[in-house]
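This report covers one structure, shown below.

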Amino acid sequence: MSTRLWVTGLGLVTPLGVGVEATWGRLVRGDRAIRPIQLFDVAGQRVGVAGEVDGVEVPASGWSRTSAMAATAAEEAMRAAGIDVARARVGLVVGGTTGGMFETEQLLARLHAEPECREVLVGMLSHPLTSTGDRLDERLGPFARLRTLSSACSSGANALVVAAGWLLAGEVDAVVAGGSDGLCRLTLSGFNALGALDAEPCRPFDRRRRGTSLGEGAGFLVLERAESARARGVVPIAELAGWALGSEAHHITNPAPDGKVVASLIARAVARAGLSPRDVDYVNAHGTGTPLNEPMEALALAGALGEELARIPVSSSKAQLGHSLGAAGAIEAAITALVVSRRTLVPTAGLEEPDPALGLVHVPQVGRPASRVRAAVSNAFGFGGMDTVLVFADPDRDTEPQRGAMATSLVVTGASVFGSCGLLGTEECGSLVDRHHDPGATVDPDAHLDGMRARRLDRAARLGAVAVERALSDSGGADAPTGLVLASAFGNVDGSAAFMHRIFDKGARSASPAEFPNLVPSSPVGHVSIYLGLCGPAFATADLATSGESAFMQALQLVATGEASRVVAGAVEPRSDIVERVLAALFAHATSQKGTQRSDVAAAVVVETEAEARRRGARIVAHVRQALEWRGRGLPVTDLATPREGRAEVILARADGGAGPLLARTPWSSCPQLVCAQAVGESDGLGAVALAVAAGRIASGRTDQALVLGLARGRGYAVVLGRE
Amino acid sequence: MSPAQLRAELKRLIVTELNLKGRDPASIEDDAPLFGTGLGLDSLDALQLAMSIEEQLHVRIPEGEEARVIFGSVRAIADYLARVQAG
């Protein structure tokens with residue numbers, strides 16, 4: 001199978017215009033879209049300018065501006081590529097950060113006044129991060145696969161990495177991947193609290209730069225294997241030639257000033273593209289315009305590209321678009337692909353006095369044609385130090401990407417559950433379902449953590465740090481390249497509400513700078529990677545009640561494709577007062593409500609290649625025999641592996657998940673079924689608990705194999721773990 | 001509030017707002033550097049502390065280089081607050 005991946009379609013919604021051509025023309029001319037915000041009242045904010053997309057039409061209830069922009073961009077990309085979900089297996093990957101926070105803020109303001117209003121409560125959970133993927137699935141799907149992820153400001157770039165993994169594994173024929181993020185009061189207040197915004201439109205690389213400017217928008221790319229695109233007669237825009245992602249494990253908001261992690265990622269991405277710094281003709285920088293970003297990024301570029309950097313133009317599109325957070329990585333990836341395709345460099349608008357300390361070659365003010373752009377680098381760095389580097393290349397190049405073989409034998413080497421059951425290691429997870437644990441029991445992560453080092457961690461991050469540390473300890477200890485994927489269904493709802501209520505009560509200047517980073521969906525991942533010093537790929541996934549399963553699937557992919565040799569997958573779900581009130585309002589009159597009490601839980605499972613486990617001399621707890629995920633109609637039961645000889649069990653997150661009828665059609669129908677919710681209480685992270693329990697039951701000799709089946713509305717996951 | 005009371009109040013604020021669990025506010029020395037090598041605080045802590053001081057003691061800490069000097073030690077902050085309040 002060819003490992004060349006082509007970009008065959010692009011879609012953009014940016015403050016400069018709706019559509020690729022509208023954005024591109026103004027981008028090259030050097031137009032800037034940063035102006036006073038009109039979307040909401042900015043009274044009391046230190047800075048109130050941003051890049052805003054005009055005329056976003058929200059089609060119906062259940063839609064957010066974020067989802068509406070995503071639909072427009074994804075549709076444009078799919079139309080350009082000419083892909084048809086009815087004729088091919090098409091995947092969708094959505095990166096984001098704020099989801100429907102703008103819409104939720106309006107409800108929060110009402111909730112503040114009327115805490116028990118049912119209408120408001122029910123609406124509170126209408127716009128989780130997953131809602132964008134779900135709306136796109138309804139509008140443009142059905143998609144064969146769907147992943148929602150967040151790594152703050154590198155989310156959109158990581159969406160492309162996930163898409164590449166699916167294509168290289170042959171899971172799908174094409175992927176629509178990108179990111180979308182709408183402006184909201186919470187983000188503006190938070191960035192203002194951090195003092196990170198320039199009162200003027202931001203000036204990346206300028207010696208007078210004082211901060212970034214926020215923006216909003218959506219960018220989506222269609223990626224395909226070159227051979228299938230060629231078979232369709234499609235002309236490629238560019239090749240997604242290489243990529244690399246990793247974590248700085250340094251600080252929740254500040255980049256590591258030495259730029260070493262970023263330098264190693266740029267070098268790795270270029271090398272994996274089968275290219276060298278001599279082939280790189282352009283860099284689209286992260287270039288936020290903050291005092292700290294640019295020196296770090298310049299050092300990293302110099303470290304990776306060496307003396308070649310002296311001839312490579314570097315620019316930042318944020319001076320024109322603002323920083324659209326979860327969308328930025330995808331929008332800028334699309335721009336970088338266009339730079340390669342059109343051999344035209346886009347500028348850093350407003351760059352009048354380049355900072356000489358940076359030592360970079362610029363494209364000031366307006367774009368210009370280039371004689372050739374053989375390859376171009378796009379950087380995206382997120383809160384918590386989650387960095388991603390993409391390399392786009394001329395699809396007619398005569399070099400081949402350097403990619404290792406996909407790992408086929410994956411294993412589990414550690415597991416942990418932390419919650420009302422206490423802190424359980426791998427074997428103990430096996431006995432979790434043997435008895436009922438009071439879901440209301442106090443869960444105290446602080447007893448397991450170093451107080452001073454953990455002082456910035458909120459409850460979710462604390463729960464996660466305890467579970468991840470234990471799972472890694474059982475797996476033979478942490479080492480730096482370890483990756484981390486943690487899931488959460490709704491993110492930090494209570495924290496976001498408290499943050500906004502302070503602003504409603506006391507004004508924007510009371511926004512807490514320390515609390516703001518904890519409101520990003522990837523915050524627990526960032527905190528845990530910093531606390532434990534994990535430098536591998538890291539991001540958050542979300543998939544409603546099957547969020548834990550989505551993290552596990554994602555970790556398997558990162559390991560199989562060689563992004564990391566070892567990845568911890570898990571879920572972190574602290575109890576949420578608001579989620580509980582919403583559920584109480586939703587189920588007040590329903591007879592189907594099981595009344596299972598919700599509880600704090602974090603669970604983690606360590607996955608790696610069998611070869612890596614053997615190299616380390618680690619104990620193999622279980623082998624991953626099969627891992628399936630699907631959307632829509634349901635598990636094609638014929639795909640599910642038959643239990644081998646020996647004892648077999650089915651582990652379910654919850655009893656009423658609809659697994660019964662599905663299981664009845666599988667060879668697992670007569671196996672004993674164990675239900676996690678009955679043992680530890682209800683939580684959206686139960687999928688990760690079920691996986692830890694399955695690993696623990698095999699590790700402790702209770703069973704020889706286990707099927708973990710996770711189902712939620714319109715989505716499902718099946719994982720088979722076995723002793724061999 | 002006497003200068004000593006103000007310094008004690010600032011120490012309490014530092015411990016609670018920056019979540020320095022288990023740290024006795026009285027153990028923070030008046031002249032010890034707060035950032036870098038001293039108490040080990042960083043720029044994010046400085047922002048949080050500035051926000052809390054503005055909210056609870058009603059004095060706005062200037063941003064940028066000026067803040068770096070004011071946040072040198074508990075005594076430096078207290079002196080700045082006293083100067084501002086004296087008007």
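Is R207(A) buried or exposed? R207(A) is exposed, with a relative accessible area of 52% (buried means under 20%, exposed over 50%, partly exposed in between; 1.4 Å probe, protein chains only).

## Basis

This is a predicted model, in which local features need pLDDT of at least 70 and side-chain atom pairs count only at pLDDT 80 or more, while totals for chains, interfaces and linings use all residues. Residues are numbered from 1 along each chain as its sequence is written, chains are lettered from A and ligands numbered from 1 in the order in which they are written, and side-chain values use heavy atoms, without hydrogens and water.

## Salt-bridge network

Over all chains there are 70 salt bridges (a side-chain nitrogen of Lys or Arg within 4 Å of a carboxyl oxygen of Asp or Glu). One network of them links D206(A), R207(A), R208(A), E352(A) and E353(A).

E353(A) is partly exposed at 33%, and R208(A) is partly exposed at 26%.

## Interface of chains A and B

In chain A, 21 residues are in contact with 18 residues of chain B (heavy atoms within 4.5 Å). The chains bury about 1,600 Å² between them, 44% of it on carbon and sulfur atoms (accessible area, 1.4 Å probe, lost on being put together, summed over both). R455(A), R509(A) and P513(A) lose the most area on the chain A side, together 38% of what that side buries.

Eight salt bridges are counted between the two chains. Among them, R456(A) pairs with D45(B) at 2.8 Å, and R509(A) with E54(B) at 2.7 Å. E54(B) lies in helix α2 of chain B and R509(A) in the loop between α15 and α16 of chain A, so this pair joins two chains. Both E54(B) and R509(A) are buried.

## Nonpolar cores

The largest nonpolar core has 106 residues, and F392(A), F552(A), V689(A) and L721(A) have the most contacts inside it (buried Ala, Val, Leu, Ile, Met, Phe, Trp, Tyr and Cys residues joined through side-chain atoms within 4.5 Å). Helix α22 of chain A gives the most to this core, 11 residues. A second, separate core of 46 residues includes M124(A) and L188(A).

Note on methods. Helices (H or I, at least four residues) and strands (E, at least two) are DSSP runs, numbered from the N terminus. Buried area is the accessible area (1.4 Å probe) that two parts lose on being put together, summed over both.
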